[in-house]
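Please walk me through this structure.

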Amino acid sequence: MNFFKTPKILKLLYPDLIWDRFSEGKSFSDKKIFLTFDDGPVPEMTDFVLETLHYFKAKATFFCVGENIQKHPEIFNKIIYNRHAIGNHTFNHLNGWNTPNQIYFENVQTCEQAINQHIPELNRKVKLFRPPYGKVKKAQAKALTSNFSIVMWDILSGDFDRFFNENTCLKKCIAHTRSGSIIVFHDSYKAEKNLKSVLPRYLAYFTRQGFIFPTL
């Protein structure tokens with residue numbers, strides 16, 4: 001699998017999806033990186049992420065699986081309490097390519113209902129959605145953009161690959177990051193080995209470079 005930098009051709013083919021925020025980080029004094037975390041909330045891993053973000057005074061956007069919100073509402077509420085942003089990641093982490101459209105839309109809506117139990121819809125200025133695996137049919141994306149901003153990524157960290165070397169992961173993530181990048185990490189158990197090593201060092205490096213980490 002080709003991790004790290006999203007090919008420019010994908011951004012051109014799907015211009016209605018959000019791949020980066022380069023226009024928001026052009027000046028030297030306004031360097032921004034947009035951290036995103038997929039697949040939580042889950043015990044221990046999401047807690048680790050929240051503690052690490054707090055230490056570095058960083059904010060992030062969490063694309064949450066609805067089923068995990070229902071299982072771990074107290075952890076989901078911690079994300080909200082710490083003023084991070086929330087996005088919809090379907091209720092059951094569905095692959096859009098393999099899912100009939102109506103079932104996919106219903107699953108997204110079920111996740112939305114789980115989110116709304118904790119955050120009233122009126123309190124969310126922008127509703128964010130990220131398709132699991134980045135796999136969404138054009139028809140699905142077109143329909144969802146009427147209610148959501150669909151957020152993809154500029155950098156895929158590869159933290160979920162247990163056979164991936166964490167030092168290489170860190171070096172590649174740093175090398176491909178620039179102001180305005182949207183980077184994907186995972187607050188999931190399969191990402192534990194890499195995430196616990198990479199995330200603190202990634203944040204430390206870019207904090208020293210004067211970057212800030214806002215929500216989307």
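Where is the place of Ser181? In this predicted model, Ser181 sits in the loop between helix 7 (166–176) and strand 8 (182–186). Ser181 has a relative accessible area of 0%, so it counts as buried. Its side chain makes a polar contact of 2.9 Å with the side chain of Asp154. Leaving aside neighbours within four places in sequence, Ser181 also touches other residues, including Lys5, Phe22, Phe34 and His176. Asp154 has charged partners too. Salt bridges that share partners join Lys5, Lys11, Asp20 and Asp154 into one network.

Now turn to helix 2, residues 45–55. This helix is mostly covered, with eight of its eleven residues buried. Among them are Met45, Phe48, Val49, Leu50 and Leu53. The polar residues Thr46, Asp47 and Thr52 are buried as well. The buried residues of helix 2 pack against strand 2 (34–38), strand 3, helix 4 and helix 8 (192–208). After the helix comes Lys57, with a positive phi near 55°.

Salt bridges come next. The whole structure holds nine of them. In one, Lys196 pairs with Glu44, and the closest N and O atoms are 2.8 Å apart. Lys196 lies in helix 8 and Glu44 in the loop between strand 2 and helix 2, so this pair ties together parts 152 residues apart in sequence. Both ends are partly exposed: Lys196 at 31% relative accessibility, Glu44 at 41%. Another salt bridge joins Asp47 and Lys78, with the closest N and O atoms 3.2 Å apart. This pair links helix 2, which holds Asp47, to helix 4, which holds Lys78, across 31 residues. Lys78 is partly exposed, at 40% relative accessibility.

Helix 5 runs from residue 101 to residue 116. Which residues of helix 5 are buried? They are Tyr104, Asn107, Val108, Cys111, Glu112, Ala114 and Ile115. Seen down the helix axis, these buried residues fall within an arc of 160°, so they line one face of helix 5. An α-helix has 3.6 residues a turn, so residues three or four places apart point the same way. The buried residues of helix 5 pack against several elements, including strand 3 (60–64), helix 3 (66–71), helix 4 (73–81) and helix 6 (138–144).

Glu112 forms a salt bridge with Lys127 (3.7 Å, N to O). Glu112 is in helix 5 and Lys127 in the loop between helix 5 and strand 5, so the pair ties together parts 15 residues apart in sequence. Glu112 is buried, at 1% relative accessibility. Lys127 is buried too, at 16%.

Note on methods:
Residues are numbered from 1 along each chain as its sequence is written. This is a predicted model: local features need pLDDT of at least 70, side-chain atom pairs count only at pLDDT 80 or more; totals for chains, interfaces and linings use all residues. Side-chain values use heavy atoms; hydrogens and water are left out. Helices (H or I, at least four residues) and strands (E, at least two) are DSSP runs, numbered from the N terminus. The expected span of a helix is 1.5 Å times one less than its number of residues. Buried means under 20% relative accessible area, exposed over 50%, partly exposed in between (1.4 Å probe, protein chains only). The arc is that of the directions from the helix axis to the C-beta atoms. Contact means heavy atoms within 4.5 Å. A polar contact is a pair of N or O atoms within 3.5 Å; within protein, one must be able to donate a hydrogen and the other to accept it, and residues adjacent in sequence count only if both atoms are side-chain atoms. A salt bridge is a side-chain nitrogen of Lys or Arg within 4 Å of a carboxyl oxygen of Asp or Glu.
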